[in-house]
Amino acid sequence: MADRRHGRAGTETARTAAAGQWRNWAGTERITPARVVSPGSTEEVARAVREAARDGLGVKAVGSGHSFSGAAVAPGVQLRPEGMDRLVSVDTATGLVTVEAGMPLHRLSSRLAERGLAMEILGDIDRQTVAGAVSTGTHGSGARFRSISNQIHALELVLADGSVATCSATERPDLFAAARLGLGALGVLTRVTLQCVPLYALRAVDAKRGFEETLDNLGQLVEENDHFEFFWFPHTGTALTRSFTRLPADTELRPLSALSRTVDDRLVTNIGFEALLRAGTRWPRLVPGITRLVTRAVGAREFTDLAPNVFASDRDVRFREGEYAIPRAELPSVLRELKRWVDGNDEKVSFPFEVRFVRADELWLSPAHERDVAYVAFHQYHRMPHERWFGVCEDILGSVGGRPHWGKMHRLDAAELAARYPRFGDFTALRDTLDPDGLFANPYLDRVLGPARNRAENTAG
């Protein structure tokens with residue numbers, strides 16, 4: 001069934017605009033592109049790619065700007081695919097849904113729910129575009145569930161020569177294995193076919209537990225719940241846990257009341273937290289007390305709602321973030337080591353750790369490649385210094401073979417990453433075949449993948 005409500009004439013021409021400064025949501029990346037193009041179709045993307053190559057400019061597509069890394073920074077031609085946001089087809093019998101890559105996840109979830117379908121898993125932010133989410137490895141939490149990239153059934157992308165390629169498990173399988181989490185290094189994603197599931201509800205239980213109690217009972221908490229995650233604020237001994245149980249969509253819903261959403265999700269975790277952190281920025285000695293106050297202010301609660309309404313949370317307070325996927329068995333010792341460091345040093349950490357669990361997969365650049373992982377996200381308020389703290393977190397998480405989330409801040413380069421990914425060389429070899437001149441490269445990709453073949457040869461020469 002095709003959705004024509006957002007259809008437009010195929011003769012519409014891509015818009016080219018004067019470039020102003022672009023910045024991502026967190027403010028960690030800024031750039032003024034040479035030019036900005038807003039394509040409305042795959043054909044217009046292909047034309048923009050060919051014209052960029054002709055003019056000697058690189059090309060990067062940018063979505064909602066929710067990546068903390070420089071993966072989407074476009075010094076040359078910046079493609080803004082907000083016009084490519086159509087739901088192309090829906091097969092309710094098989095659950096296969098084809099969507100243009102510029103569709104934001106929150107709008108996709110709404111469209112799917114209207115048809116009795118849902119994404120199998122979502123993260124706790126749903127502002128990203130489909131292309132941005134899959135290209136950087138966005139994930140949720142659940143020991144039996146893999147990242148969003150693993151829900152892809154087929155892909156369409158524009159390659160560096162301006163040709164349009166499609167791939168799936170049976171059509172160009174190597175490209176499929178790489179492009180489902182491809183960092184935008186292999187081409188510009190234009191359409192994605194997702195394997196969706198029948199719409200479902202989630203019963204959510206938010207509860208406070210002791211930090212040590214949570215770690216001691218981690219195996220039970222992770223295995224007995226469909227989805228489990230927790231937050232731990234440094235300077236406290238309390239974990240804020242979230243447990244979700246999957247239920248049929250026709251379950252009687254008991255959503256959060258408007259008052260609860262206003263008080264808990266708006267006043268406490270956004271407006272109030274922002275005000276406290278501004279005070280902590282001015283008087284850093286207040287930070288440990290602020291984290292303890294926020295931990296006490298967040299109450300226990302239980303509610304049942306449709307899955308998209310439960311998975312996603314509002315995030316209005318801006319912050320810096322890094323995240324590593326570590327072998328799941330290493331989590332308790334790693335978190336205890338981080339706690340010992342915080343307790344023994346005068347570092348004011350204003351934001352919590354977020355800990356989630358993801359099943360192993362086979363994607364070449366997946367942080368969960370061939371191992372079940374715990375994702376450990378570390379943060380700092382954007383007005384406070386983060387460099388020392390993030391360095392400590394990367395050292396400790398990296399000591400157990402942790403792999404950084406591609407959409408989050410990290411300091412690793414290609415040599416270090418190659419040692420952590422068994423298929424890293426296969427990915428870069430495919431990149432060099434498809435894009436030897438580095439048309440889709442940028443400074444971030446040059447650092448984490450190494451320069452494309454011809455760029456490297458020219459530099460060496």
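1. A search over the whole structure, which is a predicted model, returns 16 aromatic pairs. One of them joins W341 and W389, with ring centres 5.8 Å apart and 35° between the planes, a tilted arrangement. W341 belongs to helix α10 (residues 331-344) and W389 to helix α11 (residues 387-398), so that the pair bridges distant parts of the chain, 48 residues apart. Both partners, W341 and W389, are buried.

2. A second tilted pair is formed by W406 and Y421. Here the planes meet at 35° and the centres are 5.6 Å apart, which is why the pair is classed as tilted. This pair too links distant parts of the chain, at a separation of 15 residues: W406 is in the loop between β21 (403-404) and α12 (414-418), while Y421 is in the loop between α12 and α13 (424-434). W406 and Y421 are both buried.

3. Ring pairs also build a cluster. Its members are W25, F68, F233, F273, F319 and F351.

4. R246 is placed over the face of Y200, 3.9 Å from the ring centre. K339 has its charged end over the ring of F211, at 6.0 Å from the centre of that ring.

5. H369 sits in the loop between β19 (353-358) and β20 (373-381). Its side chain reaches the backbone oxygen of L363 at 2.9 Å. Not counting residues up to four places away in sequence, H369 touches D361, E362, L363, W364, R403, P422 and R423.

6. T304 is in strand β17 (residues 301-306). With a relative accessibility of 8%, T304 counts as buried. Its contacts, leaving aside neighbours within four places in sequence, include A201, L202 and R203. Also in contact with T304 are L247, T251, E252, L253, R254 and P255.

7. T94 lies in the loop between β7 (87-91) and β8 (96-100). A relative accessibility of 41% makes T94 partly exposed, because that class covers the range between the buried limit of 20% and the exposed limit of 50%. The side chain of T94 reaches the backbone nitrogen of L96 at 3.2 Å. The C-alpha atom of T94 is 8.2 Å from that of C196, although 102 residues separate T94 and C196 along the chain.

8. The largest cavity holds about 60 Å³. Which elements give two or more residues to the lining of the largest cavity? They are β15 (227-232) and β16 (238-248). The residues lining the largest cavity are L122, G123, D124, G140, S141, H227, E229, R242, F244, F311 and R356.

How values were computed:
Residues are numbered from 1 along each chain as its sequence is written. This is a predicted model: local features need pLDDT of at least 70, side-chain atom pairs count only at pLDDT 80 or more; totals for chains, interfaces and linings use all residues. Side-chain values use heavy atoms; hydrogens and water are left out. Helices (H or I, at least four residues) and strands (E, at least two) are DSSP runs, numbered from the N terminus. A polar contact is a pair of N or O atoms within 3.5 Å; within protein, one must be able to donate a hydrogen and the other to accept it, and residues adjacent in sequence count only if both atoms are side-chain atoms. Contact means heavy atoms within 4.5 Å. Rings of Phe, Tyr and Trp (its six-membered ring) pair if their centres lie within 6.5 Å; planes under 30 degrees apart count as stacked, over 60 as edge-to-face and the rest as tilted. Buried means under 20% relative accessible area, exposed over 50%, partly exposed in between (1.4 Å probe, protein chains only). A charge sits over a ring if NZ of Lys or CZ of Arg is within 6 Å of the ring centre and within 35 degrees of the ring normal. On a 1 Å grid over the protein atoms alone, a cavity is a set of points where a 1.4 Å probe fits but cannot get out, and a pocket is an open set with protein on both sides within 12 Å along at least five of seven lines; lining residues have an atom within 4 Å of a point. Grid points are joined across faces, edges and corners, and a volume is the space filled by probe spheres set on the points.
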